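Keep the sequence and the model side by side.

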Amino acid sequence: MDKGLGAGIGDIISHFQNSSCSDGVQEPCIWASPGGARKIDIGKQIFCNRSLNMKNIVAVGFDMDYTLAQYKPETFESLAYDGTVRKLVYDLGYPEEMDRHKYVKVAYHGFREMSKEEKVEAYGNTLIRDAFDEPDYALIDTLFSLAEAYLFAQLVDFMDNNPGKVSKSTDYVRMYKDVRAAVDLCHRDGTLKQMVAKDPKTYINEDRSIVPMLKMLRESGRSTFLVTNSLWDYTTIVMNFLCGSHTLDGGITCNSDWLLYFDVVITGSAKPGFFHEDNRANLFQVEPESGMLLNTDNGTPMPQVGDISPGLLLKEKNGTCRIFQGGSVGHLHKLLSIESSSQVLYVGDHIYGDILRSKKVLGWRTMLVVPELEREVELLWELRDLRKKLHLLRNERDLIEDQIHHLKWSLKSEGIDVDEQRKMCTRMDDLECQRDKARLSHQEAQRECHQKFHKVWGQLMKTGYQNSRFAHQVERFACLYTSQVSNLSLYSPDKYYRPSEDFMPHEFDIIPL
């Protein structure tokens, strides 16, 4: 199981420490407001892998689930987990004991950490990092996958410790496929979304910066669009919660005002297939009040049998948001009059479903939302002294080991008398003792730093001193990455994002950083 997230972030200067933008004002503070254009908290910054000049962007698009709508782990993940367990037990015939098995812990093999020898045996023969890929590996690289990852770890442990409770024909591969099937059942039969729709506030974080962000983008002359795999009935509930008018008692007024912030909304998009230009999926227009689908010809309404909804014709005439289901990226480009794919910036949370395909296949500019990043970079700032200590301890170990190696080679030289040999051996014993102490100090400091991030996985985007697989893909496919979609509101809509300078190992001790 490959841990996800993070790309190495170097030392940061002190003026990026916490600074409030709101000055006590109730409304969110954005770049264009009088209190805006300030230095941004490190956890809210947008990080750049490839130069992106926003002046060249004519349309900004968004995914909905886990991008605009950030789900609460403590409620939504529990809902997803419990629903999946019920599907496994009552639909797929797994033992009823699972319903009482609630202790969850991430582990390499169920709840048991694999030994070094086991890891070498399982993974040591694979030399190419990209070989750790589907279908032989399941990549846990989005928050949507957390519930199934935890549950699969439980099932591995349950099967290992309860022989005979699970069918003999069920191996680990079959078990994971069953977990995936159970998750899909929860989504297909509406188990999860029905609960969220009844009480969005319990399951979705409220972010009042989203509407000001969308307004600022539109006022800057850019089109905005939404492309989501969710269908219209669920999409409108979630978006109304995020963008709807707030009442005095903190409630949300139910209407379709959120459509004012978009030019085009495409639901049921079936990403990532949506991003293939040769996709021939039909595009249907959605009548917002009834949810009825109307045939279209590349977005243009086709003559219908019977009367057409006057409300729909009125919306089209007024030039407000048009709502569709299905289709492909070719339809979207025509609807927004996009001349070049590089004119589009798309913001999503899924490296494969949103970022990789849109970047690699289309050439769209991309921004990846990584919610865990905010805490990650804040910890990196807080632990900067400990990380500096780690660097010094590592250098100390290397220096001592070099001295030991030199003494060992010196002892092989001819012409050294017995007394000198004895002195050199005593010196080497002292150095080996110092090396062991330095190694222990380094390991303890490493463990301390590691557990500050996560007790098992450590830093999100690192594996030891190297970037993780996920970090490698973030570097390759995400032009920008950040912790929340609304962080866009803290920057000028015309900003030129530039990456930091790359450094080779030989430069680090020469160029002051």
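Is Asp349 buried or exposed? Its relative accessibility is 9%, so Asp349 counts as buried. Buried means under 20% relative accessible area, exposed over 50%, and partly exposed in between, with a 1.4 Å probe and protein chains only. Asp349 sits in the loop between strand E10 (344-348) and H11. Helices (H or I, at least four residues) and strands (E, at least two) are DSSP runs, numbered from the N terminus. Asp349 and Met367 are 18 residues apart in sequence, and their C-alpha atoms lie 8.4 Å apart.

This is a predicted model: local features need pLDDT of at least 70, side-chain atom pairs count only at pLDDT 80 or more, and totals for chains, interfaces and linings use all residues. Residues are numbered from 1 along each chain as its sequence is written, and side-chain values use heavy atoms, leaving out hydrogens and water.

Now take helix H10 (residues 329-336). Six of its eight residues are buried, so H10 is largely enclosed by the rest of the structure. They are Val329, His331, Leu332, His333, Leu335 and Leu336. Their packing partners include strand E3 (59-62), strand E5 (264-267) and helix H11 (351-362). Ser337 follows H10, with a positive phi near 55°.

Next, the nonpolar core. Such a core is a set of buried Ala, Val, Leu, Ile, Met, Phe, Trp, Tyr and Cys residues joined through side-chain atoms within 4.5 Å. The largest one has 72 residues; Phe62, Leu68, Leu242 and Phe262 have the most contacts inside it. Helix H3 (residues 146-161) gives the largest share of this core, eight residues.

How values were computed: Contact means heavy atoms within 4.5 Å.
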